[in-house]
Amino acid sequence: MKFKFLTLDDVSLANKRVLVRVDINSPIANNSTILETTRIKSILPTLEALKNSKTVLLAHQSRPGKKDFTSLEVHASVLKNLVDRPVKFIDDIFGTAARNAIKELKNGEILVLENVRFYSEEVAEDIPPENQAQTIMVKKLTPLFDLFVNDAFAAAHRAQPSLIGFTYTLPTVAGKVMEKELTVLNKIFDPERPAVFIIGGAKVDTKLEIVKNILKNGKADKILLGGLLVNVFLEAKGYKIGEINKGCIKKFDSYISEAKNILKEDGDKIELPDDVAIEKDGKRYEVSCNELQGENRILDIGLDTIVKYSNIIVNSKTVVANGPLGLFEREDFALGTREILDAMTKCRHFTVVGGGELGGYAEILGVSGKIKHLSTGGGATLALLSGEKLPVIKALEESAKKFKGRIVN
Ligand code: 3PG
């Protein structure tokens, strides 16, 4: 596949000082145990290509305000056990300590910097993409490197300084994860029909945008909803979900009018649960959406919905899934997610599972081998397949034009 950006194969890497943005954002327990290491393992081919370089890893874990917003020290420990080279960690991003550690690196060594989202400009929402290069982190780190490698495919839908900024200041190439994901996913850019997207998980803001994009670009025949989007759409349709199910979604009210518009314009493409599983006295109960009283938490899709969704999945030619359908961490509410993954294994056509959570769960269930492509990206994979031009890919292409002829060799 010929890209409009450069890859690791286009540059000489030995003895170079290389800054690599990776996405190793992982499910983590008690901020100390990584529960699922797929994303960390995915960067090994890129690290192998950099075995004779001085390699510095820049990455994030979760977002401010979340329980799992924590240090990358634990990720560095996991990495230490996966590579046969020195892996160091420093609890700094671009201060004197980090800069000195970077300067002292030797060929073959890897240094993991602290969670880049500890730095407030990284998560500021009002920095236009072209100004990301003016942020203090980009200014401080740029002089220490010869090359920037963007391998954070799973965050390619975010326009943040660590993802976009360096592509304006340093020659930039895509890493192996980025290359592999785009090679596979570009093949289904024009999906074989019928095409179905299954959208679950908890990030309502991101997912709602993606639903709109999929519909705008005509990428899907059906969108099956799970996770917290169900609460938004059930309310928009007039079901009684109650305060208990609205309260768990920030900015709930502002999503309702968007959901109503989507249902008005493209209601025939949106599949909502007919029944759900609620939690009552700590147990799972099935209830038809018509009978919802709004007193209990909705934690999964119901049995009839599982059957309805599974039929659509097995009869589709392209199936893309992202995000769990329910609270799969609890055995009794994992049923929807498990059965939907099972239906995907029975679909004989192109199936993609995106995202750490759902991909990790497919691994745990032992069904990942039966899914055609297990993508490291969640929101990024959906955004790409929904027809969006991802900011990171745009930046990679810009950089290739800008640094053409000056690329390190
Ligand atoms: C992900 O897990 O989808 C990526 O790491 C991006 O994370 P974000 O949605 O918090 O930006």
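Which residues are around the ligand? In this predicted model they are D23, N25, R39, H60, R63, R117, A154, R158 and K203, where a residue counts as near a molecule if one of its heavy atoms lies within 4 Å of it. Residues are numbered from 1 along each chain as its sequence is written, and side-chain values use heavy atoms, with hydrogens and water left out. Because the model is predicted, local features need pLDDT of at least 70 and side-chain atom pairs count only at pLDDT 80 or more, while totals for chains, interfaces and linings use all residues.

The shell around the ligand comprises one nonpolar, two polar and six charged residues. Here Ala, Val, Leu, Ile, Met, Phe, Trp, Tyr, Cys and Pro are nonpolar, Asp, Glu, Lys and Arg are charged, and the others, Gly among them, are polar. A polar side-chain atom of R63 lies 2.8 Å from a ligand oxygen atom. An N or O atom in the side chain of R117 is 2.8 Å from an oxygen atom of the ligand. For K203, the corresponding distance to a ligand oxygen atom is 2.8 Å. On its own, the ligand has 310 Å² of accessible area, and the protein covers 92% of this. Such areas come from the Shrake-Rupley method with a 1.4 Å probe; for residues, only the protein chains shown count as cover.

K246 lies in helix α11 (residues 243-246). Helices (H or I, at least four residues) and strands (E, at least two) are DSSP runs, numbered from the N terminus. K246 counts as buried because its relative accessibility is 18%; buried means under 20% relative accessible area, exposed over 50%, and partly exposed in between (1.4 Å probe, protein chains only). Its side chain forms a polar contact of 3.5 Å with that of E235. Such a contact is a pair of N or O atoms within 3.5 Å; within protein, one must be able to donate a hydrogen and the other to accept it, and residues adjacent in sequence count only if both atoms are side-chain atoms. Not counting residues up to four places away in sequence, K246 touches E235, I241 and F252, contact meaning heavy atoms within 4.5 Å.

Y168 belongs to helix α7 (residues 161-169). It is partly exposed, at 27% relative accessibility.

Six strands form an open parallel sheet in the order β11-β10-β9-β15-β16-β17. Two strands pair if DSSP finds at least two bridges between them. β11 (270-271) and β17 (373-375) stand at the edges with a single partner strand each, so one side of each lacks a neighbour in the sheet. Three bridges join β16 (residues 350-354) to β17. V353 stands opposite L374 in β17.
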